[in-house]
Amino acid sequence: MFGPIFSKPLSSKNNKTGSWRMGKRPKFLQTNCIACRMCILICPEGCIEGEDKNTYHCDYDYCKGCGNCVEICPRQDIVMIEDK
Amino acid sequence: MKRFLEGSQAVANSVALCKPGVIAAYPITPQTHIPEELSKLVAEGLLNSEFVNVESEHSAASVVLGSTACGVRSYTATSSQGLLLMGEVLFNIAGLRLPVVLTCANRAVSAPINIWNDQQDSISLRDSGWAQFYVENIQEAVDFHIIAYRLAEDRNIMLPVMVCMDGYILTHGVEVVDMPEQKDVDRFLPAYKPLYKLDIENPLTLGFLADTDYYMETRFAIQKTHQEILDLLPKITHDFRNVFGRDYGEGLIETYRTTDAERVIVAMGSVCGTIKEVVDQLRRKGKKVGLLKVITYRPFPIDKIYEALKNVPKVAVLDRALSLGADAPLYTEIRAIFFGKKRSPKLIRSFIAGLGGRDITLDSIKEIFKKLSLKTTEEEFIDLKPELLKDKV
């Protein structure tokens with residue numbers, strides 16, 4: 001007899017971890033961005049995208065609101081705001 | 001072909017006949033000679049296998065987890081502390097339903113450090129989901145590795161199997177062994193065809209998070225599969241007899257002169273050979289004694305043991321391991337079989353012997369049979385040295 005032991009890739013996308021946020025979320029100001037990509041690297045959910053300067057944004061369906069991107073941004077171009 | 005072989009050498013050659021594609025092991029006494037011989041076979045080009053040198057037993061287990069997940073028959077061996085270091089990975093291998101075969105050269109667990117034989121290491125891993133065989137002699141060690149792969153890789157089972165052989169007594173002992181022929185092993189054990197595997201062309205995720213909605217079913221399934229092993233193993237040992245000519249009955253238990261026995265010892269592993277000798281000696285004097293050898297400890301063959309012992313008045317259970325703070329492991333489970341049953345031995349007594357490699361001699365076994373005639377029901381350590389113990393520091 002077997003139970004569930006494997007799943008197909010990308011099935012974890014069904015888990016919308018954005019519901020884990022505890023009242024705050026990052027806001028990407030897109031004004032002083034130098035496209036260093038540090039926010040992409042630090043994001044534990046891998047839900048930040050962007051290419052050129054001032055194009056970076058995140059997917060709030062998956063952002064847990066940990067604030068790591070805010071901490072690591074060298075230009076203070078991401079800030080935590082009330083999650084409404 | 002009959003050969004005069006050390007147990008480790010014999011097991012390594014038996015494993016080689018099963019053609020594992022990946023072998024990963026870290027040396028630890030008394031297991032060392034097994035991977036040593038295998039690495040030699042690989043180096044000499046006699047075995048076409050990837051031999052992975054690793055930095056610990058945790059890594060050895062992780063390598064065979066990964067290689068088996070990729071669809072390759074894999075092998076590892078260890079002992080004692082090494083098995084415990086593997087412990088976390090061993091639960092994962094079972095949980096992922098990967099048919100790894102592992103040899104445990106049974107050795108005592110530290111502290112104090114002791115490299116000699118008892119069965120505390122593998123007994124401590126009894127709840128990991130692995131099937132466990134305990135072999136009596138080198139021939140059984142050779143044969144049960146081949147049986148182990150056949151069982152593990154059966155598409156209805158897909159669970160890892162641990163072959164437990166007493167360290168030194170079997171790993172370093174030398175016996176005449178009937179080594180199977182390659183063509184017979186190939187006939188008995190077809191190439192491993194995985195049910196599913198890690199493959200970049202057809203990706204899947206193994207070892208995903210199973211939350212409260214999924215976890216319990218994975219455990220239930222393993223529990224049920226262990227019951228299925230009890231039905232399948234007799235068919236496999238039947239096939240084994242047809243191909244190799246050696247008869248292991250149903251592969252679950254062995255009864256030795258128990259039919260009319262009044263006193264029976266239940267035991268596992270190499271000590272069964274010693275017990276058989278004592279049984280023969282006492283039988284010649286007219287004493288009705290016998291042995292029940294448990295070969296398959298996981299899954300635990302409850303019904304077979306019940307049938308074998310239900311008419312025996314007095315039963316001694318000999319453990320070479322402890323569950324510190326409670327009754328000995330094998331004893332506890334033998335007792336549990338008879339709870340609430342109408343037919344049952346009048347006495348089931350727990351004896352502990354041979355911890356840390358202390359010899360279990362013919363006299364030790366005779367003492368157990370003798371003590372089984374006493375009124376007491378207390379747990380007893382055989383060959384204990386009270387002069388080394390003190391009540392207060």
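Two residues are in contact here if their C-beta atoms, placed from the backbone, lie within 7 Å. With that in hand, here are my notes on the model.

This is a predicted model, in which local features need pLDDT of at least 70 and side-chain atom pairs count only at pLDDT 80 or more, while totals for chains, interfaces and linings use all residues. Residues are numbered from 1 along each chain as its sequence is written, and chains are lettered from A and ligands numbered from 1 in the order in which they are written.

1. **Where the chains meet.** The contact draws 16 residues from chain B and 9 residues from chain A. On the chain B side, strand E9 (205-206) and H8 each supply at least two residues; helices (H or I, at least four residues) and strands (E, at least two) are DSSP runs, numbered from the N terminus. H8(B) has the largest share of that side, with 6 residues. By class, the chain B side has 10 nonpolar, 3 polar and 3 charged residues. For these classes, Ala, Val, Leu, Ile, Met, Phe, Trp, Tyr, Cys and Pro count as nonpolar, Asp, Glu, Lys and Arg as charged, and the others, Gly among them, as polar.

2. Strand E1 (residues 6-7) of chain A pairs with E9(B) in the antiparallel sense, over 2 bridges. Two strands pair if DSSP finds at least two bridges between them. Within this pairing, Phe6(A) has Leu206(B) as its bridge partner.

3. **Chain A.** This chain holds 2 helices and 5 strands, in the order β-β-α-β-β-α-β from the N terminus on. Its radius of gyration (taken over C-alpha atoms) is 15 Å, well over the 12 Å that the globule rule (2.2 Å times the number of residues to the power 0.38) gives for 84 residues, so chain A is more spread out than a compact globule. The C-alpha trace spans about 55 × 25 × 15 Å along its principal axes. Of the 84 residues, 19% count as buried, that is, with 20 or more other C-beta atoms within 10 Å of their own. Among contacts in chain A between residues at least 6 apart in sequence, 69% join residues at least 24 apart.

4. **The two domains of chain B.** Chain B is divided into domain 1 (2-244) and domain 2 (253-388), with bounds that come from an automatic or database domain assignment. Their centres, taken over C-alpha atoms, are 27 Å apart. Across the boundary, 27 residues of domain 1 are in contact with 21 residues of domain 2. H8(B) gives the most to the domain 1 side, with 5 residues, and that side divides into 14 nonpolar, 9 polar and 4 charged residues.

5. **Nonpolar cores.** A nonpolar core is a set of buried Ala, Val, Leu, Ile, Met, Phe, Trp, Tyr and Cys residues joined through C-beta atoms within 7 Å. The largest has 117 residues, and Val163(B) and Val266(B) have the most contacts inside it. Helix H6 (residues 138-152) of chain B gives this core its largest share, 10 residues. Both domain 1 and domain 2 of chain B give residues to the core, so it lies between them. Apart from it lies another core, of 13 residues, including Cys43(A), Ile48(A), Tyr56(A) and Ile78(A).

6. **Around Val163(B).** Leaving aside neighbours within four places in sequence, Val163(B) has contacts that include Val101(B), Phe133(B), Phe144(B) and Ala148(B).

7. **Asn117(B).** This residue sits in the loop between E5 and H5 of chain B. Asn117(B) is buried, with 33 other C-beta atoms within 10 Å. Not counting residues up to four places away in sequence, Asn117(B) touches several residues, among them Asn106(B), Asp166(B), Tyr168(B) and Gly357(B).

8. **Helix H2 of chain B.** In this helix (residues 33-43), His33(B), Ile34(B), Pro35(B), Glu37(B) and Leu38(B) are buried. Their packing partners include helix H1 (7-17) and strand E5 (101-106) of chain B. After H2(B) comes Gly45(B), with a positive phi near 80 degrees.

9. **A sheet in chain B.** Six strands form an open sheet of mixed pairing, in the order E10-E12-E11-E14-E15-E16. At the edges are strand E10 (253-256) and strand E16 (380-381), each pairing on one side only. E10(B) and strand E12 (residues 289-294) run antiparallel, joined by 4 bridges, and Thr255(B) stands opposite Leu292(B) in E12(B).

Conventions: A residue is buried if 20 or more other C-beta atoms lie within 10 Å of its own, exposed if 12 or fewer, and partly exposed in between; C-beta atoms are placed from the backbone.
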